[in-house]
Amino acid sequence: MRFIVIVLAAAVCGPALAQESDEAALALADRTSTAPAVARACIEYAEAAAIDTDDGMPKNGGRASFDVRCDGVLAGSWRGVLSDRFDEFWGHGMSAAGVNTLKEAYVSYRPNRSIIADIGRINLREGVALAYNPTDYFKANAVRSLISIDPETLRDERMGTLMGRVQTLWASGSMTGVFAPRVNARPNDSTFSPDFGATNGASRWLLAWSQRWFADLQPQISLTGAEGESPRAGLDVTRLLNNATVAYLEWSDGRRGNSLSTGLTYTTSLKLSLTLEYEYDETGELGARQKVFAYAHWDDVGIARLGLTTFVRFDPSNQSRVVWSEARYHWEHAGVALQWQHNSGASWVALIDYYF
Amino acid sequence: MRTLTLLAVVGLWGLWAAAPGFAAESAMPQPQNQARNQAQEILAASDAIRNPGKPFSMSVVLTEYRNSQQLDSNTLAIYSKLDAASGSYRTLVSYMGPPREAGKLVLENGTEMWFYDPASAASIRISPQQRLLGQASTGDVVTVNFAHDYRAVGSSAEDISDGDRIMRHCHKLDVEAASAAATYRRIELWVEQSTERPVKGKFYSESEHLLKTAYYRRFQTELGLERPTEVVIIDGLTPSWVTVMRYSNYAWRDIPDSWLQRDYLPRFRPE
């Protein structure tokens, strides 16, 4: 409707109207005086959520969280990264419980522009698929505080793995070597435990190599292994099909079986992105042999800064589905969101966040 | 098998040669061809004013308005380098603010674009259509050589009012998309005749809708040339949606090729 009115008005009033709007825009620009933001070493935010769940037994509760991520130069070629999150949960009929998640804590050394070495807890995230990542080898047991089933939130909240990593980069590719030692500890759910027992239950290694073959093709090939397990090979590849569509494929293979995740993301000119992903797994990691993941994200839906996100994950073997939806609006520092999730039961989450 | 391959190659070449664009180019009268070449040269000259030829960095503040009210302001650091082999720019965009966006990165390497979020350590391949910043698409923020991604198909003379409301004697160039990396189907670009400065652009979609109008203004000496340090973008459908892109902190920068790939994104820190 808005479009028809504007087209009719433009046809009637024509160039005079355009000149008037151009003049108004230039006058706004004349008055603009925003200064560039300065880079900060640390970004902190706080979040509070009210949760209402009904899975046959209604219950409600809440959560308050604080998240900090710092990344700065320590000295010369040395850099330090620290990322930590604290969640305090409470609910009807239960005592409050806190969970601290040490997400990352590592130092990085760069002797020259093509070699980087790191040591500490690092969140090494591999893979190109949106929801299921067969080549994201360090994801197991990494989420300490489950606050959402949204794949993006799960990636945000997960712990890194204690490891040493060396990466060399050249103009058309890179090679990464990782060794993550076994830590003699069991998973520990006490509030402030770094929980290395969860992320470093076995020693593991990874080699990842990416090379640009053509202008638009730079696949990554990986090989990983863990004590007591045979090695797995993996492949990540993406391709632009046209101005609005990206295709991706992620595949991993080992003695335990194949895993695959492949999909398409299409974006309309109205800022609506749609993803359809097919997931296949023989290793038991996915929780089903096959799943289909459909995802939609729409920015500025009628109102500027209002974003809508929804996804469905469908298991064809038993016709079960998980549905998650979110409406989110933000100002410069604060944001509000309403989330709805339907699995075995339904739950609502209302949350507010503030970036300092 | 070899015969089949040969037939396929010959057949594909035949299809390409028979395509309308190819036929039109071959059959074009010489004066028309010369006019097009001249228009393309003007386009390239205006590119050279917008974009430094050596690797550089700069800051961009994007201020977005709706109905005269300021909505958002984003600061980006841009690192850009001309790829001699392809003739297009390779650009790394780093979000400096607001805090909600700080640390995020966009890499554009020809048609290859990646979005990186340090919170999740995730790199996601995106398409040129996937706009991230209000009205200004990533195609506006990254450095683009129009002469590389587009072809000037016509030129005429026209006097227009520039971003400072001063009348300028301009070439009006009719420009069409010529590569998959082109964000727009068609552009009308006004270039001042005496200086070859870009003055104004109108950008159209596949369906011939006016997507945006841009005014290039606040020319000042940066990296050895008088360059526009502000672009005012007016939404084509709703002209009360306005984005002001203001450039500052220009500097020559040594940008290694190894930075301009997905695997470097988790490593990147603004310098």
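1. Let's start with A:Cys70. In this predicted model, A:Cys70 is buried, with a relative accessible area of 19%. The cut-off for buried is under 20%, so I'd read that label with the number beside it. A:Cys42, the cysteine it is bonded to, is partly exposed at 24%. The two labels differ because the cut-off of 20% falls between 19% for A:Cys70 and 24% for A:Cys42.

2. Now the bond itself. A:Cys42 and A:Cys70 are joined by a disulfide with an S to S distance of 2.0 Å. The torsion about that S-S bond is about 115 degrees, so the disulfide is right-handed. A:Cys42 sits in strand E1 of chain A (residues 42-54) and A:Cys70 in strand E2 of chain A (residues 58-75), so the pair ties together parts that are 28 residues apart in sequence. The count over all chains is 1 disulfide. As for a cysteine in the other chain, B:Cys170 counts as buried, at 0% relative accessibility.

3. Chain A as a whole, if you want the overview. Its secondary structure comes to 3 helices and 18 strands. The C-alpha atoms fill a box of roughly 75 × 60 × 50 Å along the principal axes. Chain A has 356 residues, and 45% of them count as buried. Take the contacts in chain A between residues at least 6 apart in sequence: 43% of these join residues at least 24 apart.

4. On to the A/B interface. Here 77 residues of chain A are in contact with 70 residues of chain B. The area buried between the two chains is about 6,200 Å², with carbon and sulfur atoms giving 48% of it.

5. Between chain A and chain B the count is 11 salt bridges. One to look up in the viewer is A:Arg212 with B:Glu112, where the closest N and O atoms are 2.8 Å apart. On the side of chain A that touches chain B, the largest share, 12 residues, comes from helix H1 of chain A (residues 2-31). By residue type, that side of chain A divides into 28 nonpolar, 25 polar and 24 charged.

6. A:Arg165 is worth a click. This arginine is found in strand E6 of chain A (residues 161-170). Is A:Arg165 buried or exposed? The answer is buried, with a relative accessible area of 9%. Leaving out residues up to four places away in sequence, A:Arg165 touches several residues of chain A, among them A:Tyr106, A:Asp118, A:Leu124 and A:Thr176. The list of what A:Arg165 touches also includes B:Arg267, from the other chain.

7. Over in chain B, have a look at B:Ser57. This serine lies in strand E1 of chain B (residues 56-66). B:Ser57 is buried, at 4% relative accessible area. Beyond residues up to four places away in sequence, B:Ser57 touches B:Ile78, B:Tyr79, B:Asn249, B:Tyr250, B:Ala251 and B:Arg253. With B:Arg253 there is a polar contact of 3.2 Å between the side chains. B:Ser73 is 16 residues from B:Ser57 in sequence, and their C-alpha atoms are 20 Å apart.

8. Last, some backbone geometry to check. Most residues other than glycine have a negative phi, and most peptide bonds are trans. Where is the cis peptide bond with omega near 5 degrees? It runs from B:Gly97 to B:Pro98, and B:Pro98 is in the loop between strand E3 (89-97) and strand E4 (105-109) of chain B. B:Ser68 has a positive phi, near 70 degrees, in the loop between E1 and strand E2 (69-82) of chain B. That serine, B:Ser68, is partly exposed at 45% relative accessibility. B:Glu208 has a positive phi of about 70 degrees too. B:Glu208 is in the loop between strand E10 (198-204) and strand E11 (210-222) of chain B, and counts as partly exposed, with a relative accessible area of 41%.

Conventions: Residues numbered from 1 in each chain as written. Chains lettered and ligands numbered in written order. Predicted model: local features only at pLDDT ≥ 70, side-chain atom pairs only at ≥ 80, totals over all residues. Heavy atoms only, no water. Contact = heavy atoms within 4.5 Å. Buried area = accessible area lost by both parts, 1.4 Å probe. Salt bridge = Lys/Arg side-chain N within 4 Å of Asp/Glu carboxyl O. Helix = DSSP H or I, 4+ residues; strand = E, 2+ residues; numbered from the N terminus. Nonpolar A, V, L, I, M, F, W, Y, C, P; charged D, E, K, R; others polar. Disulfide = S-S within 2.5 Å. Buried < 20%, exposed > 50% of the residue type's maximum accessible area, 1.4 Å probe, protein only. Polar contact = N/O pair within 3.5 Å; in protein donor to acceptor, adjacent residues only side chain to side chain.
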